[in-house]
Amino acid sequence: MKLKNLALLFAAGVMALSMSACGAKTDEQNAAGSQEISESSQQDDSADTQKVITNTEGKLIWATNAEFPPYEFRGDDGKVTGIDAEIAQYIGDQLGLEVEVEDMNFDSIVAAVQSGKADLGIAGMTIEEDRLASVNFSIPYVNAGQVIIVKNDSDIKSAQDLANKTIGVQLGTTGDSYVTDNIENSTPERYNKGFEAVQALIQDKVDAVVIDGEPAKSYVKANEGAIKILDEQLTEEEYAIAVNKDNESLLNAVNSILTEMKDNGKITEISNKYLNSGDTADEETNEEANEETETQIEQTDEE
Amino acid sequence: MNWFYNLETKIMLLNLEDFKARFILNFIKKNRWQYITRGLRLTVEITIFALILGLILGSLAAVIRSSYDLTHTKKCSGLSQKIYQFILSVLNIICKIYLTVIRGTPSVVQLLIIYFVIFGDVAVDKVFVAVVAFGINSGAYVAEIIRSGIMSVDKGQFEAGRSLGFGYFSTMRYIILPQAVKNILPALGNEFIVLLKETSISGYIALEDLTKGADIIRSRTYDAFMPLIAIALIYLAMVMLLSWAVGILERRLRRDER
């Protein structure tokens, strides 16, 4: 009986190995297939976007964490929407690919792009050294920064006051690594979602929250009167799109499309649409937000 | 097909140099191993206290439920006995609700409710929240296990105890429970193992347990293999240790048998 099992196991192992060899072959075939597809769709596109290979034929899968308003969030219809969603759609349209979103935890996005489960990571993601070791980044498309949210009656007035405090962050975000590495004796509490950190702040479970500026505005708006953003910005950073290291062609295509979007004002247009559409129609703050955005959006070419 | 392709890369991982480099990146650099050790301590802490709380809650519920089951059909004459039966049936209903609600909802949801709703407006120690959540959760399962143990002891044993002059509780204490415990030990050990593994959801309330520790490393190094396999091995070792201990206990208790 035992011997038989062993033999079976061995046979299974041999099969798996031989099939892995076949797998590699079919993978190449797949790649060849998708190459053909993109070549045929390339006719109506600009010359820069040639030979784009994606992991699934004819599809552009982008990974995000749809809890990051206004960049990505679940719209009223339950679909992932936001600035990044529109940028992804635009890129997909330009490449003639069907766009599909994968909504996952923020800390899994880079791994998903790296392992080929997604083609692009578009999630308000900052270009960071650690991340560059695993994926390539496109040219930046938006300027952003980390801000501090505190309760209205908090005694935290600046970044210096954060020392020895309990600080809520979202796991794997720039705010997380910044607090972990740079703020003395602080205790970072790493929530899976940004809004959970904010909720913990409102419930007095943490003293402050460090998170990206734009979502911070959305959170403060949703909890008006209870929390506020400190004027002092912790970091200056740039959002970019993560692309698999082995996929040069897609990176180049994304870069040229982003450049085009900056030149024809598409990014500014998309950003303004979301940064202005608040439920509370406070026109003054809307105008302020508008001006801020315009200064924030990248107008110059990086390369 | 992609899966098989990945398998190949995974076999390549056995390349020693690469393995070493990734080990250093994931555990040595920036003292990242501390996420694992601190997480392990927290996981053990939560498991032990939740286990104790679960045993207490479970035994209470089990005794109430089985006392009710054993006595509610009996006819009673005196007023005090009637009051006693009434109280018991009320307690039985409460226990039934407890079991239904706890066993009918996912433990992640229970944990989040306890943290964000029940302790919603107070700053509360998160370890305490986790112990309460997992203790209450485990208690519901332990209750049914213990009840099955009590019910499995022959009715004659109970009657024999009572006719020898033992009261209800001393019969339970000296005659029924020792036999019941022996019967349920495997099932109880199983529940402890489930509890230990279930604490891996503590990360939902930003507790840095073993699983969250690996998640944090993963979010820094973007390497899934090293931290996940490491904690999987640690969990496995802990579970093996636990089943070994339960096995010893089982053998001890069986020593007086023929």
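How do E10(A) and E11(A) pair, in the parallel or the antiparallel sense, and over how many bridges? They pair in the parallel sense, over five bridges. Two strands count as paired if DSSP finds at least two bridges between them. Helices (H or I, at least four residues) and strands (E, at least two) are DSSP runs, numbered from the N terminus.

Before I go on, a word on the model. This is a predicted model, in which local features need pLDDT of at least 70 and side-chain atom pairs count only at pLDDT 80 or more, while totals for chains, interfaces and linings use all residues. Residues are numbered from 1 along each chain as its sequence is written, and chains are lettered from A and ligands numbered from 1 in the order in which they are written.

Now chain A as a whole. Its secondary structure comes to ten helices and 14 strands. Of the 303 residues in chain A, 43% are buried. Buried means that 20 or more other C-beta atoms lie within 10 Å of the residue's own; exposed means 12 or fewer, partly exposed is in between, and the C-beta atoms are placed from the backbone. Two residues are in contact if their C-beta atoms, placed from the backbone, lie within 7 Å. Take the contacts in chain A between residues at least 6 apart in sequence: 68% of them join residues at least 24 apart.

Next, the domains. The assignment for chain A gives domain 1 as 33-143 + 238-296 and domain 2 as 146-229; such bounds come from an automatic or database domain assignment. Where they meet, 13 residues of domain 1 of chain A are in contact with 14 residues of domain 2 of chain A. On the domain 1 side, strand E2 (67-68) and strand E6 (120-126) of chain A each supply at least two residues. The residues on that side divide into five nonpolar, five polar and three charged. Here Ala, Val, Leu, Ile, Met, Phe, Trp, Tyr, Cys and Pro count as nonpolar, Asp, Glu, Lys and Arg as charged, and the others, Gly among them, as polar.

E10 and E11 of chain A belong to an open sheet of five strands, in the order E11-E10-E12-E9-E13, with mixed pairing. E11 and strand E13 (227-229) of chain A stand at the edges with a single partner strand each, so one side of each has no neighbour in the sheet. Neighbouring strands of this sheet are turned by 30 degrees against each other on average, direction ignored. Axes are lines fitted to C-alpha atoms, for helices over the stretch in contact, and angles run from 0 to 180 degrees between N-to-C directions.

Some residue pairs in that sheet. A:Gly168 stands opposite A:Glu189 in E11(A). Four of the five residues of E11(A) are buried, so E11(A) is largely enclosed by the rest of the structure. Strand E9 (residues 146-151) of chain A is mostly covered too, with five of its six residues buried. E9(A) runs antiparallel to E13(A), joined by three bridges, and antiparallel to E12(A), joined by four. A:Ile149 faces A:Ile229 in E13(A) and has A:Val209 as its bridge partner in E12(A). A:Val150 has A:Lys228 as its partner in E13(A).

What packs on this sheet? Helix H5 (residues 174-182) of chain A does, touching E9, strand E10 (166-170), E11 and strand E12 (208-212) of chain A. The direction of H5(A) makes about 150 degrees with that of E10(A). Its buried residues are A:Thr174, A:Gly175, A:Asp176 and A:Val179.

Chain A also has an open sheet of three strands, in the order E2-E3-E4, with antiparallel pairing. E2 and strand E4 (80-81) of chain A are the edge strands, each pairing on one side only. Strand E3 (residues 72-74) of chain A pairs with E4(A) over two bridges, and A:Phe73 has A:Thr81 as its bridge partner.

Last, one helix from chain B. Twelve of the twelve residues of H9(B) are buried, so H9(B) is largely enclosed by the rest of the structure. What covers them includes helix H4 (129-132) and strand E11 (187-191) of chain A, together with helix H2 (16-28), helix H3 (33-71) and helix H10 (225-254) of chain B. Just after H9(B), B:Tyr222 takes a positive phi of about 55 degrees.
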